[in-house]
Amino acid sequence: MDKNFKRTKSVGTRTAILIRAMAVAVVAGLFAPAFALAAPAVVVKMTDKPPMYQPLKVIVKVGQSVEWINNAQTLHSVTTDPDSAQKPTDVSSPPGAKPFDSGFMKPGATFDYTFTVPGTYKYLCLPHEKDGMIGWVTVSK
């Protein structure tokens, strides 16, 4: 076998391995920051006596989630949908954000929402809106 052929084949194999390694490094470099910056979800608990969110106000960053947990013995919900509220002014979302709604949550149920639009969200519990069960999420960049 020709020595030049062996060297060319060896250089070609090394080049292919190097190109693959560089591709992996580029992909890892592009996606690693998103994973590294992802903060854990902020937890908001729902209670019965009195019906309220605990804490009432939370602050998260864009891309971070809030997890609502119904720790109570009754149905609760989480919504920013003005069409569902008895008083549409009891809810609000920043411009460009779509309303979210958990639906009715049985005791022990959870609802997660990842915030992608910065601003302040005012949300409520449909069964307990008259009782003033309203909370706020402020989303920063």
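Biologist: Which residues have the most contacts inside the largest nonpolar core?

Modeller: Before the answer, please keep in mind that this is a predicted model. The largest nonpolar core has 21 residues, and those with the most contacts inside it are Tyr 53, Trp 68, Val 78, Phe 115 and Val 137. The elements that each give two or more residues to this core are strand 1 (42-47), strand 3 (57-61), strand 4 (65-70), strand 5 (110-114), strand 6 (119-124) and strand 7 (134-140).

Biologist: And what does Tyr 53 touch?

Modeller: Leaving aside residues up to four places away in sequence, Tyr 53 touches Val 44, Lys 45, Met 46, Trp 68, Ser 77, Val 78, Tyr 123, Leu 124, Cys 125, Met 133, Ile 134 and Gly 135. Tyr 53 counts as buried because its relative accessibility is 0%, where buried means under 20%.

Biologist: How many aromatic pairs are there?

Modeller: The count comes to ten aromatic pairs. One of them is formed by Tyr 53 and Tyr 123, an edge-to-face pair at 4.7 Å centre to centre, with 70° between the planes. Tyr 53 lies in strand 2 and Tyr 123 in strand 6, so this pair ties together parts of the chain that are 70 residues apart in sequence. Tyr 123 is buried, with a relative accessible area of 0%. There is also an edge-to-face pair between Phe 115 and Tyr 121, with the ring centres 4.8 Å apart and 70° between the planes, and both Phe 115 and Tyr 121 are buried.

Biologist: Which residues do the ring pairs link into a cluster?

Modeller: The cluster linked by ring pairs holds Tyr 53, Trp 68, Phe 100, Phe 111, Tyr 113, Phe 115, Tyr 121 and Tyr 123.

Biologist: What does the charged end of Lys 57 sit over?

Modeller: The charged end of Lys 57 sits over the ring of Trp 136, at 5.2 Å from the ring centre.

Biologist: Back to the backbone for a moment: which peptide bond is cis, with omega near -5°?

Modeller: That is the bond from Lys 49 to Pro 50, and Pro 50 is found in the loop between strand 1 and strand 2 (52-54). A cis peptide bond also joins Gln 54 and Pro 55, with omega about 0°, and Pro 55 lies in the loop between strand 2 and strand 3.

Biologist: What is the strand order in the open sheet of four strands?

Modeller: The order is 2-1-4-5, with mixed pairing. Strand 2 and strand 5 stand at the edges with a single partner strand each, so one side of each is left without a neighbour in the sheet. Neighbouring strands of this sheet are turned by 25° against each other on average, with direction ignored. Within the sheet order, strand 1 and strand 4 pair in the parallel sense over five bridges, and the bridge partner of Val 42 in strand 4 is Val 66.

Biologist: Where is Ala 109 found, and what does it touch?

Modeller: Ala 109 is found in the loop between strand 4 and strand 5, where it counts as partly exposed because its relative accessibility is 23%. Not counting residues up to four places away in sequence, Ala 109 touches Trp 68, Ile 69 and Asn 70. Ala 109 and Asn 71 are 38 residues apart in sequence and 8.1 Å apart in space, C-alpha to C-alpha.

Biologist: Zooming out, what pattern does the protein chain follow along the sequence?

Modeller: Read along the sequence, the protein chain follows α-β-β-β-β-β-β-β, which comes to one helix and seven strands. Buried residues make up 30% of the 141 residues in the chain. Among contacts between residues at least 6 apart in sequence, 66% join residues at least 24 apart.

How values were computed: Residues are numbered from 1 along each chain as its sequence is written. This is a predicted model: local features need pLDDT of at least 70, side-chain atom pairs count only at pLDDT 80 or more; totals for chains, interfaces and linings use all residues. Side-chain values use heavy atoms; hydrogens and water are left out. A nonpolar core is a set of buried Ala, Val, Leu, Ile, Met, Phe, Trp, Tyr and Cys residues joined through side-chain atoms within 4.5 Å. Buried means under 20% relative accessible area, exposed over 50%, partly exposed in between (1.4 Å probe, protein chains only). Contact means heavy atoms within 4.5 Å. Rings of Phe, Tyr and Trp (its six-membered ring) pair if their centres lie within 6.5 Å; planes under 30 degrees apart count as stacked, over 60 as edge-to-face and the rest as tilted. A charge sits over a ring if NZ of Lys or CZ of Arg is within 6 Å of the ring centre and within 35 degrees of the ring normal. Two strands pair if DSSP finds at least two bridges between them. Axes are lines fitted to C-alpha atoms, for helices over the stretch in contact, and angles run from 0 to 180 degrees between N-to-C directions.
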